[in-house]
Amino acid sequence: VRIMLTQISRHLYSRVASRSTATAIISKERNKMTAGKINWTKISAKPDPQHGAPCSRSSHGLSISPDGSRVFLYGGEHVARTPLEPSQSLWSCDCENNEWSWRNLSAAIASSAPSPRVAHAQAMVNDRVYIFGGRSGISMNESPLNDLWALDTSDGVGNEKWVGPIEPSTSSSSDEPPEHRSFHKMISVGTDLYVFGGCGSSGRLNDLHKFDTIHQTWSNLGKAHLLKGRGGANLIYLKDGHCLIVVAGFVGSESNDGQKFILSTEEEEKGTWDDSLLGGLDNLRPRSVSISASFHHDDAATDDNVALIFGGEVNPSELGHEGAGGFENDLILLDGKTGALKETIKAAEEKNWPEPRGWSDGTSISTADKGRSLYLFGGLTGDDQNPKRLDDFWCCDIKM
């Protein structure tokens with residue numbers, strides 16, 4: 001009997017082991033197939049003839065023009081918690097005939113520029129780069145900001161100019177602007193800006209606000225009542241789901257939860273927060289200060305719309321903002337309608353891939369001729385003993 005039991009046990013173990021091995025092989029092959037549709041390119045842009053190239057930085061903003069010919073870099077820190085010198089604040093990387101060149105914008109328009117800041121939020125609407133908030137002091141509750149500015153790029157290369165601070169309309173339909181904050185997130189949907197969360201004077205926030213750039217009115221859209229206040233969250237627009245999703249962020253620890261905000265309808269003029277947490281995120285590694293984007297087809301209904309998250313901080317630093325925690329450089333694919341996790345693409349076997357980082361920023365574009373691309377610049381890597389700010393510029397082309 002003992003011999004029979006031993007033989008049966010070995011047979012079952014062999015079947016389970018074979019199945020596990022097969023599953024691992026399939027998973028590995030699937031990852032290779034998906035990764036084959038992800039192509040990272042490190043961009044070596046020509047320096048500005050007079051001013052060189054941007055210094056390494058973190059906690060900055062990045063935005064791309066609607067035609068994909070200019071990427072605008074603003075703000076951040078080269079030294080922890082210290083806003084950059086005005087001469088380094090604002091840059092454009094211009095693409096002509098597939099060649100990229102840096103151009104320093106700070107010197108030409110410094111007199112009309114916003115005050116230096118770190119940890120602002122940034123988004124582009126048509127030909128304007130909007131920035132909101134941030135802080136200009138060293139400590140978290142020192143000199144927080146809630147001003148709104150725009151870099152007007154409508155007059156073409158070399159004629160960019162700052163507009164602001166932009167005051168909201170005195171119309172009775174406008175709510176008060178969001179409170180002062182940093183490490184929040186802002187995205188654009190059409191001609192509207194949405195601002196979520198961040199770190200305020202009284203603590204971490206979980207509120208959502210909309211700014212109508214046409215009528216210049218603010219709307220308070222309420223709090224994500226199922227989520228703790230957080231800094232460094234992802235705020236992503238899902239066109240197929242007619243919603244925004246908040247995913248992850250720092251709540252005192254790294255998180256991986258999320259909640260959906262359903263955009264305005266005839267029944268709900270301002271939109272409403274969903275009554276349940278976002279599903280399908282259990283296998284997402286908790287993180288904050290990542291880069292996120294979404295891609296949509298406008299010409300037809302498809303099922304291949306996708307959202308993504310790149311990297312971020314997965315272990316907080318013991319030194320706070322003075323140090324560097326643990327970072328990832330994986331690419332997270334989310335369903336373009338529900339926001340559920342579809343796949344995690346690791347970079348372990350990829351040679352041409354950005355190194356792990358957080359506190360970076362990215363910007364995305366999707367066009368019929370150029371496809372889907374995510375651009376990123378800089379960020380923070382290393383560890384508490386050797387924190388390192390980056391000055392690399394990458395493009396990720398995505399074919400799904």
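Mentor: The answer below starts with the chain as a whole, moves to the strand and its partners, and ends with other parts for context.

This is a predicted model, in which local features need pLDDT of at least 70 and side-chain atom pairs count only at pLDDT 80 or more, while totals for chains, interfaces and linings use all residues. Residues are numbered from 1 along each chain as its sequence is written, and side-chain values use heavy atoms, with hydrogens and water left out.

The pLDDT (the predictor's confidence in each residue, from 0 to 100) averages 89 over the protein chain, and 87% of the residues score at least 70. Over residues 1–30 it is below 50, and this stretch makes three contacts (heavy atoms within 4.5 Å) beyond near neighbours in sequence. The protein chain has three helices and 26 strands; these are DSSP runs numbered from the N terminus, helices being H or I with at least four residues and strands E with at least two. Of its 400 residues, 52% count as buried, where buried means under 20% relative accessible area, exposed over 50%, and partly exposed in between (1.4 Å probe, protein chains only). Among contacts with a separation of 6 or more, 57% join residues 24 or more positions apart.

The strand to look at is E14 (residues 203–212), where eight of the 10 residues are buried. E14 pairs with strand E13 (residues 192–200) in the antiparallel sense over eight bridges; two strands pair if DSSP finds at least two bridges between them. A hairpin of two residues joins E13 to E14. E14 also runs antiparallel to strand E15 (residues 217–223), with five bridges between them. The hairpin of E14 and E15 has four residues between the strands, and Gln216 there takes a positive phi near 55°. Strands of a sheet pair through backbone hydrogen bonds, either parallel or antiparallel.

Elsewhere, an open sheet runs in the order E20-E21-E22-E23 with antiparallel pairing. Its edge strands, E20 (291–295) and E23 (341–345), each pair on one side only. Neighbouring strands of this sheet are turned by 25° against each other on average, direction ignored; the axes are lines fitted to C-alpha atoms, for helices over the stretch in contact, and angles run from 0 to 180 degrees between N-to-C directions. Five bridges pair E20 with strand E21 (residues 306–315), and Ser294 stands opposite Ala307 in E21.

Aromatic pairs number 17; rings of Phe, Tyr and Trp (its six-membered ring) pair if their centres lie within 6.5 Å, and planes under 30 degrees apart count as stacked, over 60 as edge-to-face and the rest as tilted. Tyr74 and Trp162 form an edge-to-face pair, 5.4 Å centre to centre with 70° between the planes. Tyr74 lies in strand E3 (residues 70–74) and Trp162 in strand E11 (residues 161–163), so this pair ties together parts 88 residues apart in sequence. Tyr74 is buried at 4% relative accessible area, and Trp162 counts as buried at 9%. Ring pairs also link Trp91, Trp100, Trp102, Tyr375, Phe377 and Phe393 into a cluster.

Glu85 sits in the loop between strand E5 (82–83) and helix H2 (86–89).
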